[in-house]
2 protein chains.
Amino acid sequence: MRRWNGWGDEGTYMELPDTSRAFLAELVGPGNPLADASLDSVLAKVPASRLPGHPLIVREPRDRVLHARGQSLPDWLAMREGEFGVFPDGVAYPQTAGQIRELLRFAEEQDCLLIPYGGGTSVAGHINPPAADKPVLTVSLEHMSRLLELDEESLIATFGPGANGPQVESQLRARGYTLGHFPQSWELSTLGGWVASRSSGQQSLRYGRIEQLFAGGTLETFAGSLEIPTFPASSAGPDLREMVLGSEGRFGIISTVKVRVSRLADDERFYAVFLPGWEQALQAIRELAQSRVQLSMLRLSNAIETTTQLALAGHPGQIAWLERYLKWRGAGEGKCMLTFGVTGSRAQNAASLKLARRLLKDFGGVFTGTLLGRKWADGRFRFPYLRESLWQAGYVVDTLETATDWSNVGNLLGRIETSLRDGLAAEGERVHVFTHLSHVYGEGSSIYTTYVFRPAASYAATLERWRRLKHAASQTIAENRGTISHQHGVGKDHAPWLAAEKGPLGMAALKAMAAHFDPAGRLNPGTLLQD
Amino acid sequence: MRRWNGWGDEGTYMELPDTSRAFLAELVGPGNPLADASLDSVLAKVPASRLPGHPLIVREPRDRVLHARGQSLPDWLAMREGEFGVFPDGVAYPQTAGQIRELLRFAEEQDCLLIPYGGGTSVAGHINPPAADKPVLTVSLEHMSRLLELDEESLIATFGPGANGPQVESQLRARGYTLGHFPQSWELSTLGGWVASRSSGQQSLRYGRIEQLFAGGTLETFAGSLEIPTFPASSAGPDLREMVLGSEGRFGIISTVKVRVSRLADDERFYAVFLPGWEQALQAIRELAQSRVQLSMLRLSNAIETTTQLALAGHPGQIAWLERYLKWRGAGEGKCMLTFGVTGSRAQNAASLKLARRLLKDFGGVFTGTLLGRKWADGRFRFPYLRESLWQAGYVVDTLETATDWSNVGNLLGRIETSLRDGLAAEGERVHVFTHLSHVYGEGSSIYTTYVFRPAASYAATLERWRRLKHAASQTIAENRGTISHQHGVGKDHAPWLAAEKGPLGMAALKAMAAHFDPAGRLNPGTLLQD
């Protein structure tokens, strides 16, 4: 059963090793747990629905609670406190494109707002209902999750928009294929959500971002259905896929998604290499990306993240042995862990591994084989569960991310970390901050920063701490040539920063497009565009 | 000096080998040359300009003649006959973004139309002035061709939009870099034109299409300047670059272009392999693309193109020897020539070559080394000059292209060839038709078809022959899941077919976007969107 007030399945819990408690206590102080509300107390707060009955719509309090919040830190605090604020007036579960169109008509007739809902994993407030005079109907696509068609020659799969990661992969793998899109939210997030929010997966280096995987499909809008046929490439004018990618539910509701899939690779391995210091490490991964060594993933932790990961790994004996070995080989204090993967035929992977090892050696890399790489691969979707464990231990954890050109990566990373590390200094609180780069391009890299701090005495004051940190980091990103999001999307939390990168004319163009598809402004108001 | 009535530099002329005349006479009948008009006779027809004087604008007949037509077949016939029809009222040569904005203001004040002009190489009528009540000002960007900035860490180069292929490459190569974008029009076409018409280069397999190379820049519009900053990737809403890519001068005039460049590779080689038949050849290149063997170009000629190329090569003795060798190795009648390239470090190229050879061998490929590959590379930009030679010999040659998913490549290719081959049967004329695939993707491939036919007794009747052929092929493409253009763009010639792939809602959205940036409809009317 899915947790109503946190991440993932109730049956999954990640125990924090004892060493990590000591480690955190030393870094930011002893934990300070806040009390959780019960589901019953929340259900009791759900007001009467403002929507009339309809066969596709459920107005039960439970459904409305479960679709009221995503997984942003403000959402987390609201769920744990039991103060959701606003609930949708109902949740619709369409099973066909025709039923989605019926819901659009219903929204017009009833003068209500619509929020398309995939996996509910947004960490930027995409699916939160606004406090509005009009009723709000959330449209969950979870009953549209089937693989509808597979063109095995062209490697195009047609899915319902509500297929989540495991549903996408299990249906494809049964026939020998993979989409290869693995965002950290993969267990819960959906294909339609990935497209609508321009998601990126951990193996984007091989498979591409969702922009490259999304080949076509259908968007149901108030102006009609936008059908986008598949072509391998086209020079016939602006690409209509860009009216769906990143539209975040503002232009319409995605009813089918066609994606480019791959045959399952014969061979896949992940390796870990330690670089002696940050500067060499940064140069090494830039070189790997720019010289087009065929890797399928690449993740570089900075020194603090490396130390943190080793400290939280929970096997102090083994780690001490590893650290002695690394030190002896030249990667001691300040070392940075780089994980990389190769995916393909055995011959391809052998060639790529050889090229990568040779290049990394030039930068002082110490190769440690597949052990830590396998550990990364095994735990790749478990990180989000850590928020629960840390919360229970009395800590708050959040992440934020951006991307920028290589010439600015070091600068921006440093400024973001500083803005967070010093963000609560006024109240004498420390923030533990660490970063990795996990999506690299010829032009630059993503920057993914994790920060841990202690809750304040109340929920309201804790939210205020987060606001201060998030504001400082977002401002830093906007002022320093970073995108406000490389992989989480805009939602409501990043919307105030969007104009900084799109400019006034770009914002006006996006608003013109929204007005074209949704003249009455019923679709997901406040998300992506503030007005 | 550039030819005023044809392709390229006057100093370059490709002699047709005698054998090719006999070959063509046998295929479509003896040549039928039509008489060319003189430049003086055309200059005499240029009417008085309807524009007032302006320091940035030249109203001389010669400039107006040289910017009146592109390189489509109708353009060619108009230029050779000397019947241009419409001339722009003036040609402006801005040197700065500020001067482009000044010209936009001028257009508003004078109530005139604007046509952005790059290299004038459009084969789809992009830059032809319409017959309009309002004066038409062509804006040539040839004086904005400099490399303005080079970020050597991020591999981002900032150029003026008017830099043509040689200007782009020479400025980059002087610093050790390349853009790697080589459309066949490369000698004359420009960076801004590539972006505006979504161009693809011969080595797109390594460097990507212009969509992947275009990182940002500025579009000057009637609603203001759209500044697009560079990010390696972003999930912050719809990508504004898509409002420039494929906009074909309808939304604004590009004033700066930022592109992703590469360091010059250590090593580059091109090889030729002959496959015994079309079916195996098609499977082989699909397999190469889908298994991600790291090649930098791939071009597969069908059997007729293979025969035609060998016949036109002009070294009958050598070719006969080659054909005997191929036949002995199993690639006789029906053989298809595949050219592929590897670009990278020596180690990368050695690995890729090994993988490619092994795979091609499984499909019966006969490897012939680098001789024919080098020949392809040396002559890669010379093909367009052949139109002149064939014209003088009394033949018309044109090309058209599309792209479609793999499961449809064989079907669509066959139908296009048939539609052209039988297109003039009613008047008893034969058409020689052959095809290659030169841009391959995991999902599908481009299809590039060349057709040769004889002029009729008059220019008008010759144009009518072309119209019939082009219409039949375009209709075939639109009805059979092909894009109306993979690399030539829409212009005016393909505009009637655009709605077939964009759909009514897509067309409405593109029109809404044009109206947003250019409310009075002054920019390049009739191109891309018919109204």
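The legends below describe close-up views of a predicted model.

**View 1. The salt bridge between Glu427(A) and Arg468(A).** Glu427(A) and Arg468(A) are joined by a salt bridge in which the closest N and O atoms are 2.7 Å apart. The pair links distant parts of the chain, 41 residues apart, with Glu427(A) in the loop between helix 16 (406-421) and strand 17 (432-437) of chain A, and Arg468(A) in helix 17 (residues 459-479) of chain A. Glu427(A) counts as partly exposed at 34% relative accessibility, and Arg468(A) likewise counts as partly exposed at 34%.

**View 2. The salt bridge between Glu427(B) and Arg468(B).** In chain B, the side chains of Glu427(B) and Arg468(B) meet in a salt bridge with an N to O distance of 2.7 Å. Distant parts of the chain, 41 residues apart, are linked by this pair, since Glu427(B) is placed in the loop between helix 16 (406-421) and strand 17 (432-437) of chain B, while Arg468(B) is placed in helix 17 (residues 459-479) of chain B. Glu427(B) is partly exposed at 33% relative accessibility, and Arg468(B) is partly exposed at 35%.

**View 3. The salt bridge between Lys511(B) and Asp531(B).** The side chains of Lys511(B) and Asp531(B) form a salt bridge with an N to O distance of 3.1 Å. Because Lys511(B) lies in helix 18 (residues 495-517) of chain B and Asp531(B) in the segment after helix 18, the pair ties together parts that are 20 residues apart in sequence. Lys511(B) is partly exposed, with a relative accessible area of 33%, whereas Asp531(B) is exposed, with a relative accessible area of 62%.

**View 4. A network of salt bridges with residues from chains A and B.** Salt bridges link Arg198(A), Arg209(A), Glu211(A), Glu242(A), Asp239(B) and Arg241(B) in a network. Over all chains, a search of the whole structure finds 61 salt bridges.

**View 5. The annotated span 84-264 of chain A.** An unreviewed UniProt entry places the feature "domain: FAD-binding PCMH-type" at residues 84-264 of chain A. The end C-alpha atoms of this span lie 43 Å apart, and its residues are 20% helix and 26% strand.

Conventions:
Residues numbered from 1 in each chain as written. Chains lettered and ligands numbered in written order. Predicted model: local features only at pLDDT ≥ 70, side-chain atom pairs only at ≥ 80, totals over all residues. Heavy atoms only, no water. UniProt positions renumbered as here; feature names shortened; annotations may be inferred. Helix = DSSP H or I, 4+ residues; strand = E, 2+ residues; numbered from the N terminus. Salt bridge = Lys/Arg side-chain N within 4 Å of Asp/Glu carboxyl O. Buried < 20%, exposed > 50% of the residue type's maximum accessible area, 1.4 Å probe, protein only.
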